[in-house]
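Subject: Structure handover

Hi,

Here is the structure for you to look through. My notes follow below it.

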Amino acid sequence: MSTTVPASVKSDFLRVMLERGYYHQCTDLDALDKKLCDSVVVAYNGYDATADSLHVGHLLPTMIQRWLTKCGGRSLLLMGGGTTKVGDPSGRDETRQMLTNDQINANIAKIRTAFDRMFSFGDGPGQATLVNNADWLDKLEYIPFLRDIGRHFTINRMLTFDSVKLRLDREQPLTFLEFNYMILQAYDFVELHRRYGCTLQTGGSDQWGNIVNGVDLGRRIANADLFGLTCPLLTTASGAKMGKTAAGAVWLNADRLPDWDFWQYWRNTEDADVGRFLKLFTELPLDEIRRLEALQGAEINEAKKILATEVTRLVRGPEAAEAAAETARRTFEQGALAEGLPTVEVPASDLAGGLPVYGLLATAGLVASNGEARRQIKQAAVKVNDRPVSDEFATVSDADLTADGAIKLSVGKKRHALVKPV
């Protein structure tokens, strides 16, 4: 996925973007490269606060912002305290759930915890600043905004953008509220330029239309030279969407997804994706990545463990990464009941009476539903205490507790959990 770097590219940041495969599109590559060489560039990436954690899908554009700071730029992490009240229609067939101000603010506070590990916060080069667009969007007066900003957008052009066109092509409703999202995002860029000297917006390729709108609006009303840079939207080698598992989204915050499950998600990377993900989601040197992605057969598993540990260290911290790696070593290499495995606590009285294995598998998040659990049992993919289970209605009880006081559940070779009575 890495791209040959044109000889004309001189800035460290763009060389990283091209070498490691982050680059998809830029509004003016040569002019941005010159600006990066001549000055400290302030760039932003936007995040709507629709949940109390970001997920793996947000990690790629966040890595771009991290590399910007490592190359001496300044990052603005823009929280959509205002735009979350509108809802980005990009890639969706339905209107997002409306959240209250308190819910949005609580989500922003929780999201900040992931950024705290990945960025050094401050106002200078190499640092990041958390910004909330509610600071200006909540204060807009409707009629003046329409006159000053809305007049620069034509309905004809807005209808051509994918976020609108795809929804209409699928004959799904698009509210007038959502239709305004692209105008507000464009205005964010202009406001960040005015307040912070921001000249670059980054995002996924699905945001290209919104980014170009902001670049154009900045030129029209502020005579500003603004730039946009996008990264590709990722799928796995088999075509699956990045950041989804049988149990749901792969969340960045530990209170939404245990460290072990986060580590294991990366450990389960398809062989064909290992090199690409090492370039995108770790900061290992490219020479080391080339060595790891050249490994063949069973040796590629070592590269996957390094990938899992490096990404977990970046997002969750070094202690979480080392603990997850040690849990994996004990579970897979020693067959031990490692404490770091996801644990389901059940009332001791319930366990004494017997509990269905399929229900415990679903409760532990090893499968998405009871039905899938029964299918996995019938396919001989389920084990209890490392012994195969063949009866889809099999139960476990306190008689199955090991000397460690737990019952080990497994689906396949890579998904494990413990059941403990309380």
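Leaving aside neighbours within four places in sequence, which residues is Leu59 in contact with? They are Met118, Leu252, Trp266, Phe281, Val311 and Val315. Contact here means heavy atoms within 4.5 Å.

Some ground rules. This is a predicted model, so local features need pLDDT of at least 70 and side-chain atom pairs count only at pLDDT 80 or more, while totals for chains, interfaces and linings use all residues. Residues are numbered from 1 along each chain as its sequence is written, and side-chain values use heavy atoms, with hydrogens and water left out.

Helices (H or I, at least four residues) and strands (E, at least two) are DSSP runs, numbered from the N terminus. Buried means under 20% relative accessible area, exposed over 50%, and partly exposed in between (1.4 Å probe, protein chains only).

**Cores**

Leu59 belongs to the largest nonpolar core, which has 73 residues. A nonpolar core is a set of buried Ala, Val, Leu, Ile, Met, Phe, Trp, Tyr and Cys residues joined through side-chain atoms within 4.5 Å. Phe13, Tyr22, Leu59, Phe262, Trp266 and Phe281 touch the most other members. Helix α15 gives the largest share of this core, seven residues.

**Helices**

Helix α4 covers residues 101–118. Its 18 residues reach 26 Å from first C-alpha to last, close to the 26 Å expected. The expected span is 1.5 Å times one less than the number of residues. Ile104, Asn107, Ile108, Ile111, Ala114, Phe115 and Met118 are buried in α4. The buried residues of α4 pack against β2 (42–47), α3 (59–70), β3 (74–79), β4 (128–132) and α15 (300–316).

Met98 sits in the loop between β3 and α4. Its relative accessible area is 42%, so Met98 is partly exposed. Thr84 is 14 residues from Met98 in sequence, and their C-alpha atoms are 8.1 Å apart.

Helix α10 (residues 181–196) has 16 residues and end C-alpha atoms 22 Å apart, which agrees with the 22 Å it should span. α10 is mostly covered, with 12 of its 16 residues buried. Among them are Tyr181, Ile183, Asp188 and Glu191. Just after α10, Gly197 takes a positive phi of about 75 degrees.

Leu278 is in helix α13 (residues 274–281). It has 0% relative accessibility, so Leu278 counts as buried. Not counting residues up to four places away in sequence, Leu278 touches Arg20, Leu284, Ile289, Leu292 and Leu307.

**Aromatics**

How many aromatic pairs does a search of the whole structure find? There are 11. Rings of Phe, Tyr and Trp (its six-membered ring) pair if their centres lie within 6.5 Å; planes under 30 degrees apart count as stacked, over 60 as edge-to-face and the rest as tilted.

Trp260 and Trp263 are a stacked pair, 6.0 Å centre to centre with 20 degrees between the planes. They are three residues apart in helix α12 (residues 259–267), so about one helical turn separates them. Both Trp260 and Trp263 are buried.

Tyr358 and Phe393 are edge-to-face, because their ring centres are 6.2 Å apart and their planes are at 85 degrees. Tyr358 lies in helix α18 (residues 357–363) and Phe393 in the loop between β12 and β13 (395–396), so the pair ties together parts 35 residues apart in sequence. Tyr358 counts as buried, because its relative accessibility is 18%.

Phe262, Tyr265, Trp266, Phe277 and Phe281 form one aromatic cluster.

Two arginines sit over rings. A charge counts as over a ring if NZ of Lys or CZ of Arg is within 6 Å of the ring centre and within 35 degrees of the ring normal. Arg374 lies over the face of Tyr358, at 5.1 Å from the ring centre. Arg256 lies over the face of Trp251, at 3.9 Å.

**Sheet**

An open sheet of five strands runs in the order β9-β15-β14-β11-β12, with mixed pairing. Two strands pair if DSSP finds at least two bridges between them. β9 (343–346) and β12 (387–388) stand at the edges with a single partner strand each, so one side of each has no neighbour in the sheet. β14 (residues 407–411) and β15 (residues 415–421) pair antiparallel over five bridges. Ser410 has His416 in β15 as its bridge partner.

Best wishes
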